[in-house]
Each structure stands twice: as structure tokens, then as C-alpha cells.
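These are my notebook entries on a structure I had not looked at before. I kept each entry to what I looked up.

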Amino acid sequence: MKVVNLNPIQWVNYNVTPKKLKLSNTGYTVMLSATWREEEPYLYGGPFVSRYVFSQLHFHWGKTDMDGSEHYVDGGSMPMELHAVHYKSDYGTQIAALHHHDGVTILVYLFQLQAAPNPLLDDIINTLPFIQAANSSIRLIPFPIINIMPCFQRDYFVYWGSVTLTNIRNSVLWLISREPLGISIDQVIYVEIRIINKQQLKK
């Protein structure tokens, strides 16, 4: 790891409540997407040379309480991981941005176990029974997405990696928040029972 001094990341419109909010079972993950009445949320500053617009966020988890995250910290996995996908505004859409090496950046939030449930996850977790079938979705009462993906400006890891989205493999700038989010053991088990044990999601 190399320490790099960058300007703070600037977050715009993440505290604005969207017009619509939808939770979907994609067949691979649970995805949260939204539409706004006016300008969509976007990032600039930090490692970014342009604006990166919010596209969607989704989750990764596993079959055990401590083996769910895609990223490892000091060799250890975490119960769950949130990915907030953003695309470079110059390219107009996420699909178009995927065809460019600098088109996509993904913010990562790791979850660690805590005694008390995380109330900010309730709206999502309580809705899981309604989207157990692959390719199903449901509308949520809109709330600012900053509720579940808090802003960070300086304390993060950043690296160039790769990802496969919509059958396109390309380079992605990954930013990993060093401040984990909380989730209780009961919430983790609930996710496992409602989604994994139904074997609807492939991951």
C-alpha cells in the first residue's frame, strides 16, 4: 500500500430523496436503483478527473456469516459487501461507459457484525420476501441513498482492477471505504434464509 495525498472527494445530490426507488432480484444479486426528479447524484475530486454519476448499488454475500465479501482485509472476509456503481458522465450512460477503460468506478462498503441491528437496512431486508424469484422487483418508499452508503472524502483504498458487467470485461477504478458498516447476525441470517436458501440468486 502506498499513501497518496488527493483532494477530498465531493459528493453532490446524494442527500436528495429520489423520485422512485426500486429493489430488484437480478438472478445474481439484489440491486437498488433510482430515478431523480432533477440532476442525478455524482462524484468529483479525489482520484476522479471527471464527474462520475451514480447508476445503481448491489450487494455481495456468502453462505456463512463471515464469508461474504469479495474484498479481503488482512486476509479475512467480511459478512457482506455493498458496491455502488458509477459511470463517467462524459459517456452518457453506464452501458456506453463500459466500453471505455475509464468509464466506471465502484465504491465499496464492507459490513462487519455488530450486536444491534442496523435500522438503515430495514427497508431493504424487510422487502426481500417479495423478490425471492429471479428477475422480480418491487418499489420502495424513496429515501436518500446516502442513508446506506455514507459519504467518505479521504479515508479509503483505491486501485485499478477489473470487473465483468453485462458480459463486458473492462478496467474499473475501485474505492474501498476504510470505515465498515454494521449489520447484526440476525440480519445476516435473514438475508441467507430469504435469498440464498431459495437458490434463486446465483451469487
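I began with a term: a salt bridge is a side-chain nitrogen of Lys or Arg within 4 Å of a carboxyl oxygen of Asp or Glu. The model is predicted, so I noted its limits: local features need pLDDT of at least 70, side-chain atom pairs count only at pLDDT 80 or more, and totals for chains, interfaces and linings use all residues. Residues are numbered from 1 along each chain as its sequence is written, and side-chain values use heavy atoms, with hydrogens and water left out.

Entry 1, salt bridges.

I looked up how many salt bridges the structure holds, and found three. Opposite charges on side chains can pair when the charged atoms come close.

In one of them, the side chains of Glu39 and Arg51 meet at 3.6 Å, N to O. Glu39 lies in the loop between β3 (30–35) and β4 (42–45) and Arg51 in the loop between β4 and β5, so the pair ties together parts that are twelve residues apart in sequence. For the strand and helix names I noted that helices (H or I, at least four residues) and strands (E, at least two) are DSSP runs, numbered from the N terminus. I then checked exposure, for which buried means under 20% relative accessible area, exposed over 50%, and partly exposed in between (1.4 Å probe, protein chains only). Glu39 is partly exposed at 44%, and Arg51 is partly exposed at 39%.

Next I looked at Lys88 and Asp102, whose closest N and O atoms are 2.7 Å apart in a salt bridge. This pair links distant parts of the chain, with Lys88 in strand β6 and Asp102 in the loop between α1 (94–97) and β7, 14 residues apart. Are these two buried or exposed? I found both Lys88 and Asp102 buried.

I also looked up Arg178 and Asp155, which form a salt bridge with the closest N and O atoms 3.6 Å apart. Arg178 is in the loop between β10 (168–177) and β11 (181–184), Asp155 is in the loop between β8 and β9, and the two are 23 residues apart. Arg178 is partly exposed at 45% relative accessibility, and Asp155 is partly exposed at 44%.

Entry 2, strand β6.

Lys88 sent me to the rest of its strand. Strand β6 covers residues 80–88, and nine of its nine residues are buried. In a regular strand the side chains alternate between the two faces of the sheet. I listed both faces of β6: Met80, Leu82, Ala84, His86 and Lys88 are on one side, Glu81, His83, Val85 and Tyr87 are on the other, and all are buried.

Which strands pair with β6? Two strands pair if DSSP finds at least two bridges between them. Strand β5 (residues 52–61) pairs with β6 in the antiparallel sense over nine bridges, and I found Phe59 opposite Leu82 in β6. Strand β7 (residues 104–114) also pairs with β6 in the antiparallel sense, over eight bridges. There, His86 stands opposite Thr105 in β7.

Accessible areas come from the Shrake-Rupley method with a 1.4 Å probe, and for residues only the protein chains shown count as cover.

Met66, Leu113, Ile185 and Ile189 make a nonpolar surface patch of about 300 Å². Of these I looked up Leu113, which is in strand β7 and is partly exposed at 36% relative accessibility.

For charge, Lys and Arg count as positive and Asp and Glu as negative, while His and the chain ends are not counted. The place of a charge is taken as NZ of Lys, CZ of Arg, CG of Asp or CD of Glu. Lys19, Lys20, Lys22, Arg37 and Arg139 gather in a positive patch on the surface. Arg139 is in strand β8 (residues 137–140) and is exposed, at 55% relative accessible area.

Trp160 is in strand β9 (residues 156–165), and I found it exposed at 52% relative accessibility. Trp160 and Trp174 are 14 residues apart in sequence and 6.1 Å apart in space, C-alpha to C-alpha.

Asp74 has a positive phi, near 50 degrees, and is not a glycine. Asp74 is in the loop between β5 and β6 and is exposed at 82%. Asn13, also not a glycine, has a positive phi of about 70 degrees. I placed Asn13 in the loop between β1 (9–12) and β2 (20–25).

Notes. Patch = residues over 30% accessible without salt bridge, like charges linked within 9 Å, V, L, I, M, F, W, Y side chains within 5 Å.
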